[in-house]
Amino acid sequence: MTEHILVLHGPNLNLLGRREPGIYGVQTLENINQQLQADAQSLGVELTIRQSNHEGQLVDWIGAALGQYVGIVINAAAYTHTSVAIRDAIAAVDLPTVEVHLSNIHKRESFRHHSYIAAVVIGQISGFGANSYRLGLRALVEHVRAGN
Ligand code: DQA
């Protein structure tokens, strides 16, 4: 059976392309999602991709992921630095999760250096623009297939 993976985009990522292009690049979220769907096809996995500006919505989607998906790729955006609720949801479902960021959060303002979710994910990919998602997806698929 094809492995099904959940990709979550957090707040303001719907504005990609227009939003601070010097930091986040010029690709729209739709471009990124299309590329991810193409990658998923070559990797032989199925993707469900969702974006929300609302913390509770993201928490609900993570909570509902159990039994539906083999893993999660998440860019929690600003909630990365504030949300104990998203961290707890990831810990609760205990699905392999990869944290991704377009920008290198460690190179930016100090309030972006701390990630609440870093401690409950397999790993973090930060600073490669849209490629962070592509690398994150590949890393998750390899992790799941290695049976870790
Ligand atoms: C981000 C980095 C966060 O600090 C910021 O709040 C975002 C996007 C990134 O992808 O680089 O909205 O997660």
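1. Ala, Val, Leu, Ile, Met, Phe, Trp, Tyr, Cys and Pro count here as nonpolar, Asp, Glu, Lys and Arg as charged, and the others, Gly among them, as polar. On that scheme the lining of the largest pocket has six nonpolar, five polar and three charged residues.

2. The model is predicted, with local features needing pLDDT of at least 70 and side-chain atom pairs pLDDT 80 or more, while totals for chains, interfaces and linings use all residues. Residues are numbered from 1 along each chain as its sequence is written, and side-chain values use heavy atoms, without hydrogens and water.

3. The ligand is surrounded by residues (a heavy atom within 4 Å) including Arg-19, Tyr-24, Asn-75, His-101 and Ile-105. This shell divides into five nonpolar, four polar and two charged residues.

4. Taken alone the ligand exposes 330 Å² (Shrake-Rupley, 1.4 Å probe), of which the protein buries 99%.
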